[in-house]
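Here are some notes for a colleague who is new to this structure. Please read them with the model open.

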Amino acid sequence: MVDRGASALALPDDWPAHPDPILALNRMGSFDWDLDSGLFHMDAQAHEIFDVRPDEYDGYPESLAVRVPRAEGHRLDTIVSQALKDGSENYGAYFRVRRRDGSMRWTHTQGYIRRDGTGKPHRIIGIVRDATEELSESAARREQAAQDEARRQQTNVVQITTAALAHARTVQDVIEVLEDTHGLTHLGATSLVMGLVEAGRIRLVATGPEDSYVPGTRVTRLDAKYPMNEVVRNLAPHFIESPEEFAASYPLLWPNITDLNITSAAYLPLIVQARPIGAIGLLYNDRRGFSAEERNVLVALGSSIAQSLQRAMFYEQEKDLAQGLQQAMLPRSIPSVPGADIAVRYRSASLGRDIGGDWYDVIPLPGGRVGAVIGDVQGHDTHAAAVMGQLRIVLRAYAAEGHTPATVMARASVFLDELDTDRFATCLYAEADLSTGVVQLVRAGHIDPLIRQTDGTCRRLAVEGGLPLGLSAEFGRLEYPVDTVELDPGQTLLLYTDGLVEQPGIDLDEGMHTLKGLIRSGPEDVRDLAAALIDVAEERGGDDDVALLLLRRQGLTTQQAGGRLQQHVAPGDPEALTEARHMIRAAVRAWGAGERADEVELVADELITNALMHTEGSAIVTLRVLAGSDRRLRAEVEDSSSALPRRREAGESGVSGRGLLLVDRLTDVWGVEARGGGKCVWCEFIVPARV
């Protein structure tokens with residue numbers, strides 16, 4: 001109980017050499033406390049009030065702890081410390097004393113603070129008196145209410161800190177809450193330190209204020225003689241109640257923190273599921289000792305911090321796992337496509353393990369064509385990412401087989417419908433002939449693409465489209481319309497997922513208008529533009545992934561004259577097969593295949609032989625030179641069978657079964673594409689440029 005009405009005492013400067021007799025008549029004891037030496041002189045009446053004989057008292061206030069309960073002493077110390085710090089001239093307080101017979105008596109004290117010329121306190125003189133009879137039952141109830149209020153405020157420390165930590169997603173968020181000056185105020189501490197257990201050591205992750213870091217404690221062994229290490233080893237809190245106790249218990253640490261004026265400290269283990277994950281230390285310079293209630297509050301605080309840390313660690317682990325899975329499902333690299341500049345970007349949502357199924361892909365196709373894919377599987381979880389990975393693979397396979405864009409989309413929809421999942425996906429597939437600029441577009445419930453003109457202006461392509469993948473197969477609506485546009489040299493096709501334009505509270509048209517403005521003002525280079533767009537998405541945040549693919553058609557290049565030869569080879573016609581072989585041999589040497597001439601002849605012969613052996617019709621052999629950024633010799637063998645070639649194990653003779661293996665090993669690139677009711681197996685060789 002604090003006496004707010006305390007007034008200054010009219011005591012002479014040479015007191016107690018000349019004690020005031022009026023005090024003795026009123027059964028008031030007096031004291032003189034020298035703050036510099038720590039000596040606390042009491043007169044005979046004060047000895048009687050504290051029930052301490054002169055031979056039991058050594059002149060220091062700590063000796064009165066045998067009569068003043070710890071909680072009462074702590075409360076009285078707090079009142080005096082506050083008066084010393086805030087410049088008060090006096091203070092007053094009621095507290096209880098436990099007498100020799102065990103009875104409790106109320107005592108009142110009033111002190112007058114003497115300060116030097118600089119305002120520093122150096123002496124307190126005052127009185128103590130028995131106030132048991134003075135305090136009525138209502139006053140005792142008020143005291144109890146005050147104590148209840150103090151306990152409530154202590155409990156609020158946990159509640160306020162827990163509320164702040166509730167918004168912390170990462171370990172760094174937790175650290176920032178605890179290091180924040182406002183947070184320290186709520187904790188009631190002057191400074192703090194926190195460490196996490198890692199690989200048998202404790203790594204310091206937080207100190208506050210910044211200048212409280214002790215050199216050599218950044219990483220310490222668990223068996224080191226430090227308080228944090230000790231509470232981790234013992235799984236129990238450690239309360240240090242005085243500077244003397246701190247210095248005696250931790251002689252290595254204490255000399256480094258004396259400038260902090262620490263008077264007490266509480267070190268708490270951070271325990272989750274009976275396992276220590278770290279420890280936190282709260283250091284004080286305005287209190288000595290901890291009451292039972294304060295200890296309970298601090299233990300509860302440590303538990304709250306430990307739970308927040310574990311939640312943050314799980315969040316970071318799950319986020320790393322989810323992002324790793326997402327990246328594993330996306331292409332490792334984007335192939336270089338002659339005639340086009342291509343840039344891709346991906347930004348994961350800010351939701352820990354709740355990743356999405358957004359993806360992109362670039363598929364080189366024969367004849368100077370390229371396929372570009374953008375898509376989004378329904379949902380934000382690892383299952384969506386797994387479905388996305390499978391869809392990306394089948395779309396790439398269907399496109400590489402030579403199917404038309406509409407067929408690629410229809411087959412992918414059937415695949416998703418037959419997959420063991422209830423997810424659907426939106427997708428947009430663009431197949432561009434870079435030599436002519438013709439782009440075929442097929443849309444399955446996805447957002448429309450954009451084209452950036454050479455002058456920077458941007459327009460939206462209204463692609464008719466069909467149902468999302470999976471749904472179109474389920475409802476039997478697999479006919480996907482194909483839209484055709486022409487991409488001029490220097491123009492850029494932009495494919496993206498809805499996370500780039502959709503924002504809470506903003507409709508799609510407004511988001512599209514904003515995106516067009518960003519594209520108009522963005523850099524010309526597709527890689528710089530993609531980076532700028534994804535940076536905007538990153539700054540905006542949001543709960544959806546963003547995938548982005550930009551394809552810019554390069555300017556026309558002059559094709560070097562090379563040639564084109566074609567030969568029809570009928571089944572059962574040895575002369576035609578011989579003529580085809582002669583044609584190939586002559587062409588590759590005439591066109592300057594160099595050291596690769598033998599490889600071209602061998603692979604072309606294998607393709608012709610396979611076509612004649614495994615189909616019922618004839619074969620058409622085409623040989624031509626492609627010139628651009630690099631010079632290529634292309635061989636095509638067309639037949640009337642739609643059956644795809646497949647690898648077989650070599651026979652016992654070691655002669656058959658090696659055809660596709662040779663093709664794969666000797667060519668730079670090869671593939672199969674549909675031709676009407678049949679197919680074309682093609683391969684390309686990079687050959688030296690003509691001098």
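1. In helix 7 the buried residues are P227, M228, N229, E230, V231 and V232. That makes 6 of its 8 residues, and the helix is mostly covered. Please keep in mind that this is a predicted model.

2. What do the buried residues of helix 7 pack against? Their partners are strands: strand 6, strand 7, strand 8 (219-221), strand 9, strand 10 (264-272) and strand 11 (275-284).

3. Helix 7 is followed by L235, which has a positive phi, near 55°. L235 sits in the loop that runs between helix 7 (227-234) and strand 9 (238-240). Is L235 buried, partly exposed or exposed? Its relative accessibility is 38%, so L235 counts as partly exposed.

4. For background, most residues other than glycine have a negative phi. A199 is in the loop between strand 6 (191-198) and strand 7 (201-208), and both of these strands are among the packing partners of helix 7. A199 is exposed because its relative accessible area, 82%, is over the 50% cut-off.

5. V362 is a residue of strand 13 (residues 357-365). With a relative accessible area of 1%, V362 falls under the 20% limit and is therefore buried. Which residues does V362 touch, leaving aside its neighbours within four places in sequence? The contacts are I334, P335, V337, I342, V370, G371, R396 and L549. As for S333, its C-alpha is 9.4 Å from that of V362, while the two residues are 29 apart in sequence.

6. Helix 14 (residues 508-521) packs with helix 15 (residues 526-540) at an angle of about 140°, and their axes are 10 Å apart. The two helices are therefore oblique to each other, since an angle has to be over 145 degrees to count as roughly antiparallel. The crossing of helix 14 and helix 15 is right-handed. Helix 14 contributes L515, L518 and I519 to the contact, and helix 15 contributes L529, L533 and V536. By class, this contact of helix 14 with helix 15 has 6 nonpolar residues, no polar ones and no charged ones.

7. Helix 16 (residues 574-590) and helix 17 pack at an angle of about 155°, with axes 9 Å apart. How are these two helices oriented to each other, and why? Helix 16 and helix 17 are roughly antiparallel, because the angle is over 145 degrees. Helix 16 passes helix 17 in a right-handed crossing.

8. On the helix 16 side, the residues that meet helix 17 are L577, A580, R581, I584, R585, V588 and R589. On the helix 17 side they are A597, D598, V600, E601, A604, D605, I608, T609 and L612. The contact of helix 16 with helix 17 divides into 9 nonpolar, 1 polar and 6 charged residues.

9. Helix 17 (residues 597-614) has 18 residues. From first C-alpha to last, helix 17 reaches 26 Å, close to the 26 Å expected at 1.5 Å a residue. The buried residues in helix 17 include A597, V600, E601, V603 and A604. D605, L607, I608 and A611 of helix 17 are buried as well. An α-helix has 3.6 residues a turn, so residues three or four places apart point the same way.

Terms used:
Residues numbered from 1 in each chain as written. Predicted model: local features only at pLDDT ≥ 70, side-chain atom pairs only at ≥ 80, totals over all residues. Heavy atoms only, no water. Helix = DSSP H or I, 4+ residues; strand = E, 2+ residues; numbered from the N terminus. Buried < 20%, exposed > 50% of the residue type's maximum accessible area, 1.4 Å probe, protein only. Expected span 1.5 Å × (residues − 1). Contact = heavy atoms within 4.5 Å. Axes fitted to C-alpha atoms, helices over the stretch in contact; angles between N-to-C directions. Parallel < 35°, antiparallel > 145°, perpendicular 65-115°, else oblique. Left-handed = near helix turned anticlockwise from the far one by under 90°. Nonpolar A, V, L, I, M, F, W, Y, C, P; charged D, E, K, R; others polar.
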